[in-house]
Amino acid sequence: MILARTAKAVSRAFDDTLAAVGGSLPIWLILISLKTQELGNQRELAKAVGIQGATLTHHLNAMEADGLITRRRDPANRRIHQVRLTEQGETLFHRLATAAIAHDQRLRAGLGDDEIAALARLLDRMQDNVTGDEPGPGRPLLRPGSPP
């Protein structure tokens, strides 16, 4: 199937792009979540990243050992860990963000804005088809014969 083959190739290329600058997809997802969302604790981070608790803990242990994050117990609830980026984590985030932007530009090369918008609508619809979700706001239902 073209979609599966393309998804695998794009995913592999993104993994390679992140690895070339010292990162990985799990690290990127954790760093971007910490940078872009108000996350109060490790449980909220796991939900935002979509990684199960034990797997997230494994990644966070490695990131903490590498000096990318700190984890502190919440003074109000000692069972909860607050996760914060360190200066090294900030530096890696910016390096990975630059690589991710370059990857996105490479991926979109030769595509016009209309083509990108049409592709996004088609991919959203395909996802809706397999999940049973209704199209969300800004994601119109595509009808046979209608322009994407």
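Guide: Let's start with α6, where Ile116, Ala118 and Asp128 are buried (under 20% relative accessible area with a 1.4 Å probe on protein chains only; over 50% is exposed, and in between is partly exposed). Before going on, a caution: this is a predicted model, so local features need pLDDT of at least 70 and side-chain atom pairs count only at 80 or more, while totals for chains, interfaces and linings use all residues. Numbering runs from 1 along each chain as its sequence is written, and side-chain values use heavy atoms, with hydrogens and water left out.

Back to α6. Its 19 residues reach 27 Å from first C-alpha to last, close to the 27 Å expected at 1.5 Å a residue (that is, 1.5 Å times one less than the number of residues). The cover over its buried residues includes α5, and just after the helix, Gly132 takes a positive phi of about 80°.

The largest pocket also brings α6 and α5 together. About 590 Å³ of space lies in that pocket, and of its 17 lining residues, Thr6, Val10, Leu107, Leu119 and Leu123 are the closest to its centre. Two or more lining residues come from each of α1 (2–20), α5 (87–108) and α6 (113–131). Sorted by kind, the lining has 12 nonpolar, 3 polar and 2 charged residues. A pocket here is an open set of points on a 1 Å grid over the protein atoms alone, where a 1.4 Å probe fits, with protein on both sides within 12 Å along at least five of seven lines; lining residues have an atom within 4 Å of a point.

Move on to α5, which has 22 residues and runs 32 Å between its end C-alpha atoms, close to the expected 32 Å. Gly89, Leu92, Phe93, Leu96, Ala97, Ala99, Ala100 and His103 are buried in α5, and the buried residues pack against α1, α2 (25–36) and β2 (77–85).

Over in helix α4 you'll find Ala62, which counts as partly exposed because its relative accessibility is 38%.

Next, the loop between α4 and β1, which holds Gly67. Beyond four places in sequence, Gly67 is in contact with Thr86, Gln88 and Gly89 (heavy atoms within 4.5 Å). From Gly67 to Thr86 is 19 residues in sequence but 6.9 Å in space, C-alpha to C-alpha.

Stepping back, the protein chain has 6 helices and 2 strands, in the order α-α-α-α-β-β-α-α; these are DSSP runs numbered from the N terminus, H or I over at least four residues for helices and E over at least two for strands. Of its 148 residues, 29% count as buried. The mean pLDDT is 87, with 90% of residues at 70 or more, on a confidence scale from 0 to 100. Residues 139–148 stay under 50, with 14 contacts beyond four places in sequence. Where pLDDT is low, the predicted coordinates should not be read in detail.

Conventions:
pLDDT is the predictor's confidence in each residue, from 0 to 100. Grid points are joined across faces, edges and corners, and a volume is the space filled by probe spheres set on the points. Ala, Val, Leu, Ile, Met, Phe, Trp, Tyr, Cys and Pro count as nonpolar, Asp, Glu, Lys and Arg as charged, and the others, Gly among them, as polar.
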